[in-house]
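Please read them with the model open.

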Amino acid sequence: MTITLAIFYFLAAFTVWAAAVVVFGKNIVRAAVALIFSFCGMAALYVLLDAEFLAAVQVLIYVGGITILLLFAIMLTSGIGAKAAKVVNDQVLLSVVAGIGLLVGLIYASVAGIGPVSGPPRLPETAPFLGKALLTTYALPFEVVSILLLAAMIGAIILARKE
Amino acid sequence: MKMLTDLVNTLYAITAAWGIPWIIPALVVMSIVAGIVVGYIAVASMFMIWWERKISAHIQVRFGPMRVGGWHGWAQSIADGIKLLLKEDIIPANADKVVFVLAPMVVFAAALAGYVTIPWAPGLIVRDLNIGILYMISISSLAVVGIIMAGWSSNNKYSVLGAMRSAAQAVSYEVPLVLSLLGPVMIAGSMSMGKLVEAQAGGKWFVFPQIVAFLVYFTCALAECNRLPFDIPEAESELVAGFHVEYSGMRFAIFFLAEYANMFTVAAIAVALFLGGWKGPWILVPGLPEEVAHVLFGLFWFLVKCYFLIFVMMWLRWTLARLRVDQLMGLAWKVLLPIAFANLIVTGLVLVLGLQILLYVIGIGIVVLAAVGLLRRASSDTVRMQKAQG
């Protein structure tokens, strides 16, 4: 049991606990706050995997963008000053089946091993590597994702415009 | 700094000899460093609060704190701190207790975490991360979440309004902030704060080629700190106190401390990236080893530059009028963002194609602006003719 392994177990437990609060919590605002903690836990796990650029971007985008968006949506739809909305769930059986299927798949993948994933290459700095890869080898997926984001933004502006 | 690294290494060696796992001395060192940083934040914030009251007073032709402690009321902040500590801790009746208590902690944690990559002096950074500047931007976006939590959990319409406005403002101004910071990063070729300061050697501060980026960054930094003229989230005359209206005593003090700590952080980023960081003239002091003299002078110049920028921020607060919230958002999205993009494009072109491309850019820019101006004049002429006829 090395120190790194202990830190990993602690971070993983923290992330899973926060995610459990998100899923099982009755108060939706507390669920959103727990989502922040689970994203930060994910960022810490990325740091453990030596992907420091990805960790910083995870905090910047997920915590600094997506959770704020979620909180805005909660605040704007629950009414200002009202008690936070109750969480309802009608699809418990379906989601349990899907969750068990995903769990079986993940256990199989981690036990059978997927080759090079088990030993990540140690890069001194991931940011230049990612930048080069995104603009040379993976330029087409990069541009396609940009167009997708542009379409989403245009859609949002059109939906939000007053007619 | 070599002396400090040697000290830490001897500590590790001693504990390894005694058979203690390396995590224990690591935690001890981290706690000591964190304690020093928190101590600095507390003292610096108290000084800045006193300084702000003095500057605002003299701009408004009055004196400010004069009594507490004798000389110009220097102990006023200490007295205020003690008063806030002794106040009753009120939690509103229907407030969400957990989120209410957690919000100031999140905001202060985000403000504190930004101090990890501040380059105080050559070799005197807590940790010179190789994603230094990106880390600081990510952490500042964490503070916005704390503000929303504070506003929502107070169970108060004005808090929620203030929190939403503050979040919208912070998120909008983050985009030109990041883009303007990319200019120096592109020139230096690295995101590490230490390397960014080193790249400004020889008096070639980045503020000269990147003056536009510096002005955009400074404006966005003012907005990120919720300082006037971007004061709407905390507007005392409009929203009572915005998102922290229900907080009293020490909880409010934590928000206040975090705001001033944030001010120092954004000033430190501006100094490190644009104003040459800790670089400045230094001399060999007879008694001290060369490295220590270099560090002390570096620290001195860094603090002088930072506090000069903080003085400018405070000066602007008491000089300019507050922007309305729609003017504020319009400024971010319609003015600062295109300027930041233009700066990024021109920087990239100059870096790849050399300086002569600047002449082409300026020429094309003049032609485009003239064309746009003529088109607007023509369209306003047609509008006037149509109004006169119809």
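1. Chain A is divided into domain 1 (1–87) and domain 2 (122–163); such bounds come from an automatic or database domain assignment. The centres of domain 1 of chain A and domain 2 of chain A, taken over C-alpha atoms, are separated by 23 Å. Four residues of domain 1 of chain A are in contact with four residues of domain 2 of chain A, where contact means that the C-beta atoms of two residues, placed from the backbone, lie within 7 Å. On the domain 1 side of chain A, the touching residues divide into two nonpolar, no polar and two charged. For these classes, Ala, Val, Leu, Ile, Met, Phe, Trp, Tyr, Cys and Pro count as nonpolar, Asp, Glu, Lys and Arg as charged, and the others, Gly among them, as polar.

2. A word on the basis of these notes. This is a predicted model, in which local features need pLDDT of at least 70 and side-chain atom pairs count only at pLDDT 80 or more, while totals for chains, interfaces and linings use all residues. Residues are numbered from 1 along each chain as its sequence is written, and chains are lettered from A and ligands numbered from 1 in the order in which they are written.

3. Chain A has six helices and zero strands. Helices (H or I, at least four residues) and strands (E, at least two) are DSSP runs, numbered from the N terminus. Of the 163 residues of chain A, 18% count as buried. A residue is buried if 20 or more other C-beta atoms lie within 10 Å of its own, exposed if 12 or fewer, and partly exposed in between, with C-beta atoms placed from the backbone. Among contacts in chain A between residues at least 6 apart in sequence, 56% join residues at least 24 apart.

4. Chain B has twelve helices and zero strands. Its C-alpha trace spans about 90 × 60 × 45 Å along the principal axes. Buried residues make up 41% of the 390 residues in chain B. Of the contacts in chain B between residues at least 6 apart in sequence, 75% join residues at least 24 apart.

5. Chain B is also divided, into domain 1 (1–79) and domain 2 (87–375). The centres of these two domains of chain B, over C-alpha atoms, are separated by 21 Å. Their contact takes 16 residues from domain 1 of chain B and 16 residues from domain 2 of chain B. On the domain 1 side, helix H2 (residues 23–59) of chain B gives the most, with 13 residues. That side divides into eleven nonpolar, three polar and two charged residues.

6. Between the chains, 21 residues of chain A are in contact with 27 residues of chain B. On the side of chain A, the elements that give two or more residues are helix H2 (28–48) and helix H3 (52–78) of chain A. The largest share, twelve residues, comes from H3(A). By class, this side of chain A has 15 nonpolar, three polar and three charged residues.

7. H2(A) and helix H4 (residues 97–113) of chain B pack at an angle of about 35°, with their axes 10 Å apart. Here axes are lines fitted to C-alpha atoms, for helices over the stretch in contact, and angles run from 0 to 180 degrees between N-to-C directions. A:Val29, A:Arg30 and A:Val33 of H2(A) make the contact with B:Val98, B:Val99 and B:Leu102 of H4(B). By class, that contact has five nonpolar, no polar and one charged residues.

8. The largest nonpolar core has 120 residues, of which B:Val107, B:Ile148, B:Met149, B:Tyr217, B:Ala267 and B:Ala270 touch the most other members. A nonpolar core is a set of buried Ala, Val, Leu, Ile, Met, Phe, Trp, Tyr and Cys residues joined through C-beta atoms within 7 Å. Helix H9 (residues 250–273) of chain B supplies the largest share of this core, 16 residues. Not counting residues up to four places away in sequence, B:Ala267 touches B:Cys306, B:Leu309 and B:Ile310.

9. Leaving aside its neighbours within four places in sequence, B:Ala143 is in contact with B:Val107, B:Ala110, B:Ala111 and B:Asn262.
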